[in-house]
Amino acid sequence: MTTTSHRPRQGLLALDLDNDGAHPAAWRAAHHAPGALLTGHRIKDLVRAAETAGFHLATFSDGPLPTGSPDVPGRLDALQRAAFAAPLTRRIALAPVVDAVFTEPFHVATQLATLDHLSYGRAGWIVSATGTAAEGAAVGRAEVTGDALSREAADVVEVNRRLWDSWEDDAVIRDVATGRYLDNTKLHYADFHGAGFSVKGPSIIPRPPQGQLPVIAPAGLLPAQDVDAVLVSAATPAQLLKTAESARAAGARAVIAELEVVLDARGRTGQDRLADLDAHTVWASHRTRFVGSAPDLVERAAQLLEAVDGLRILPAVLDVDLPELHHAVLPALRARRLLADQPADTTFRSLLGLDRPASRYTTDRDPADRPIPA
């Protein structure tokens with residue numbers, strides 16, 4: 001559990017950078033050759049375009065199985081894409097979707113901490129936990145549902161937080177005279193015992209620059225007060241606002257609403273663009289979808305930002321919708337002073353209005369939190 005000194009006064013905008021766009025047939029309208037792979041150059045171009053446009057956060061969707069669309073057979077690993085993008089950017093925060101059920105908790109903790117080091121404190125974590133039988137079969141596990149799903153996700157988040165704290169901030173001493181790299185009294189066991197696994201620790205890398213990475217979870221997966229931001233989705237704008245209100249009432253520190261976007265672009269209406277894409281593969285989802293002009297999207301975003309702390313935009317086709325967002329939507333929102341600033345070298349925690357917490361092992365010297373033996 002983390003602390004906050006204040007909520008963001010102005011809204012944050014996140015952009016999802018999944019493949020060529022959120023629509024399953026997005027690749028058909030992308031600039032690159034049909035069927036081209038998502039290369040490093042492509043990732044670099046997209047994340048830099050998002051940063052230049054003024055987005056505060058880039059998210060990277062993930063999943064161990066194909067998406068269900070014949071047009072999108074699979075993805076490159078989200079955490080690896082974020083890590084590749086980290087040294088190429090300076091302002092935009094980076095939050096991959098990482099599964100909390102069918103991935104090894106210790107590895108998740110160290111990979112996310114590494115991402116925070118690579119980005120100098122701009123990393124976050126969107127927790128995923130679907131627990132389906134197909135995903136379980138991919139790693140030799142059974143389906144996880146109901147309370148067991150939430151409990152395992154909560155356990156993984158807790159062990160990640162303990163591992164991030166397992167090195168005190170000044171554990172690395174680099175004492176050339178004595179040849180000591182570490183002060184072993186400032187490394188600590190996580191000593192976590194959950195319902196399905198246990199982790200001894202400590203981590204294998206120093207504490208992340210942010211101390212604790214911001215943890216974002218879908219509404220209903222974890223208690224709202226136990227995460228740093230709640231991600232809300234609903235089929236209509238009215239339902240979305242109601243869901244956001246419920247998350248706030250449940251104790252959410254920050255609420256980020258998801259919004260799919262198909263803009264009028266290149267002389268065509270959003271409705272026509274969506275119809276063409278749906279003719280190949282229908283875009284079915286549980287999220288609110290905006291289809292229309294950039295000025296109308298500005299009004300919709302302004303309405304939502306009165307009730308939430310941020311929006312996660314999922315463009316139908318990145319190559320088509322991102323330029324419109326860049327030139328016609330974000331400038332209008334900034335002119336209305338609805339968006340937070342995007343200074344260079346600012347941590348993601350700072351953008352969310354969160355303080356940097358001290359390690360739990362520094363502030364609480366319980367005998368059980370014993371240092372690692374020499």
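The model is a predicted one, and every value below is computed from it. The count of cavities of 30 Å³ or more comes to four, and a search of the whole structure finds two aromatic pairs.

**Cavities**

- The largest cavity has a volume of about 60 Å³, and the residues that line this cavity are L13, F55, L297, A301, L311, I313, L325, V329, L330 and L333.
- Two or more lining residues of the largest cavity come from each of helix 8 (294-305), strand 13 (310-315) and helix 9 (318-335), and the largest share, four residues, is given by helix 9.
- When the lining of the largest cavity is divided by residue type, there are 10 nonpolar residues, no polar residues and no charged residues.

**Aromatic pairs**

- A pair of aromatic rings is described by two quantities, namely the distance of the centres and the angle of the planes.
- W125 and W164 form an edge-to-face pair, with 6.4 Å from centre to centre and 80° between the planes.
- W125 belongs to strand 4 (residues 125-128) and W164 to helix 5 (residues 146-165), so this pair ties together parts that are 39 residues apart in sequence; both W125 and W164 are buried.
- The ring centres of F192 and F197 are 5.5 Å apart and their planes are at 35°, so this pair counts as tilted, and both F192 and F197 are buried.

**Charges over rings**

- The charged end of K200 sits over the ring of Y189, at 4.9 Å from the centre of that ring.
- In a second case, the charged end of R289 sits over the ring of W283, at 4.0 Å from the ring centre.

**Backbone features**

- G201 and P202 are joined by a cis peptide bond, with omega at about 0°, and P202 is found in the loop between strand 8 (198-199) and strand 9 (215-218).
- R266 is not a glycine, yet R266 has a positive phi of about 55°; R266 is found in the loop between strand 11 (255-263) and helix 7 (270-278).
- The relative accessibility of R266 is 54%, and exposed means over 50%, so R266 counts as exposed.
- R337, although it is not a glycine, has a positive phi of about 60°, and R337 is found in the loop between helix 9 and helix 10 (348-351).
- R337 has a relative accessibility of 65%, so R337 counts as exposed by the cut-off of over 50%.

Note on methods
Residues are numbered from 1 along each chain as its sequence is written. This is a predicted model: local features need pLDDT of at least 70, side-chain atom pairs count only at pLDDT 80 or more; totals for chains, interfaces and linings use all residues. Side-chain values use heavy atoms; hydrogens and water are left out. On a 1 Å grid over the protein atoms alone, a cavity is a set of points where a 1.4 Å probe fits but cannot get out, and a pocket is an open set with protein on both sides within 12 Å along at least five of seven lines; lining residues have an atom within 4 Å of a point. Grid points are joined across faces, edges and corners, and a volume is the space filled by probe spheres set on the points. Ala, Val, Leu, Ile, Met, Phe, Trp, Tyr, Cys and Pro count as nonpolar, Asp, Glu, Lys and Arg as charged, and the others, Gly among them, as polar. Rings of Phe, Tyr and Trp (its six-membered ring) pair if their centres lie within 6.5 Å; planes under 30 degrees apart count as stacked, over 60 as edge-to-face and the rest as tilted. Buried means under 20% relative accessible area, exposed over 50%, partly exposed in between (1.4 Å probe, protein chains only). A charge sits over a ring if NZ of Lys or CZ of Arg is within 6 Å of the ring centre and within 35 degrees of the ring normal.
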